[in-house]
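Hi,

Here is the structure I promised to send over. Have a look at it first, and then read on for what turned up.

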Amino acid sequence: MIVTGMLLGNATIATMAEGAGYGLLQKGAVWVQNGQITWVGPEADAPEQAGPAEDMQGRLITPALIDCHTHIVHGGNRAGEFEMRLNGASYEEVARAGGGIISTVKATRGASEDTLLAGALRFVDALIGEGVSVIEVKSGYGLDIETELKMLRVARAIEQVRPVRVRTSFLGAHALPAEYAGRAMEYIETLCIPALEAAHSAGLVDAVDGFCEGIAFSVEEIEPLFTRAKELGIPVKLHAEQLSNIGGTQLAARFGALSADHVEYANDADAQALARSGSVAVILPGAFYTLHETQAPPVEAFRKHNVAMALATDCNPGSSPLASLLLVMNMGCTLFRLTPEEALTGVTRHAARALGLDDTGVIAPGKRADLAIWNVSEPAELAYRIGFNPLHRRIFGGEG
């Protein structure tokens, strides 16, 4: 008998298959060959050619986790303004002192690719250490062609130096740079779209994102960017309804977006639009927590209309300096009353869908062998504990 790959047995397996809840298998086994899952089921039924099983001692096996919304490539940090605000400084005072997104833009423009990569890897390593196999990384702190391309090159470089998959999102429509003050549409047409075209030509873009909000860009300003993305065959996603409702979710749905993210101010009609388009609602409790927001996303409307809900860190230097997807799961349950099952689905199957990935996020034959093995016996414990990492082992592409 020739044995190839590995058979992981005596495990509790949460397959996260569609329509099956956790899809729990007790005393289960997973057979991995050539970087893919070949078979999963009760260990007693394992194919003979899989050979002897490695004893998981009852540990929980889930799909490896997916962080589907981050801004981990950036220069500098904003700890100083965090301290200023806690000492009583207003938003305007922080801005006058050079804080806010403009400080991150300045630091990112001035940083080398090596410096940006080294900074990003701190957060990448933290996420990998929690069983993450896929990380989405956005540009958006350049707001000029050169720096937007630099950020995307750094994002691509991450998977060359770490065992993780990276999906890139072009976020040139993140904020209006000072040099374009009062000329948002001109910025979109003369800088943002040309930057997108250059990034696409260089093979640096997996999706196009924008920030549709009163402090950023309107529906009318985002629309030509999305139109060009569609012409280039690039899927779109959108920061929408974070601070107010100005129609971003409806725009995202109209363009068949992969996801609408934040969505605190989305309403029932927005939920229906996402349901029709098949777009995922990506919920980001880190920003809600950091900004002391009080408007929670309409989770009940999403449930009512069967909108897929994902969770992500939104790891960024300003509104969500958070690099723990396990903590995000707990926050999603505690702050927004998601169930632990919804939280785990939100960082596996639904997070994969928010990135347009169909080869990961569940444990099933033919899927990538990206697995997380946990020192817990039941899935709810992943969302239940705070500040505790029970990861025993991560398997990435069949290795680990």
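How much space lies in the largest pocket? About 1400 Å³, bearing in mind that this is a predicted model. Its lining takes in 46 residues, and R78, L291, N316, G318 and S319 are the ones nearest the centre. Helices α1 (79-86), α2 (91-96), α3 (101-110), α4 (113-128) and α10 (285-290) each give two or more residues to that lining, with α1 providing the largest share, 5 residues. By class, you get 23 nonpolar, 17 polar and 6 charged residues around the largest pocket.

The second largest pocket holds about 360 Å³ of space. Here the lining is 19 residues, and V307, E342, T345, R349 and H350 sit nearest the centre. The elements giving two or more residues to it are α11 (299-304), α13 (340-346) and α14 (349-354); α13 has the largest share, with 4 residues. This lining splits into 6 nonpolar, 7 polar and 6 charged residues.

β12 runs parallel to strand β11 (residues 259-262), joined by 3 bridges, and S259 has V280 as its bridge partner. Together with helix α9 (residues 268-277), β11 and β12 make a right-handed β-α-β unit. β12 also pairs in the parallel sense with β13 (residues 309-311), again over 3 bridges, where I283 is partnered with L311.

Cheers

Technical notes
Residues numbered from 1 in each chain as written. Predicted model: local features only at pLDDT ≥ 70, side-chain atom pairs only at ≥ 80, totals over all residues. Heavy atoms only, no water. Pairing = 2+ DSSP bridges. Right-handed = clockwise from strand over helix to strand, strands pointing away. 1 Å grid on protein atoms, 1.4 Å probe; cavity = no way out; pocket = protein on both sides within 12 Å on 5 of 7 lines; lining within 4 Å. Points joined across faces, edges and corners; volume = space filled by probe spheres on them. Nonpolar A, V, L, I, M, F, W, Y, C, P; charged D, E, K, R; others polar.
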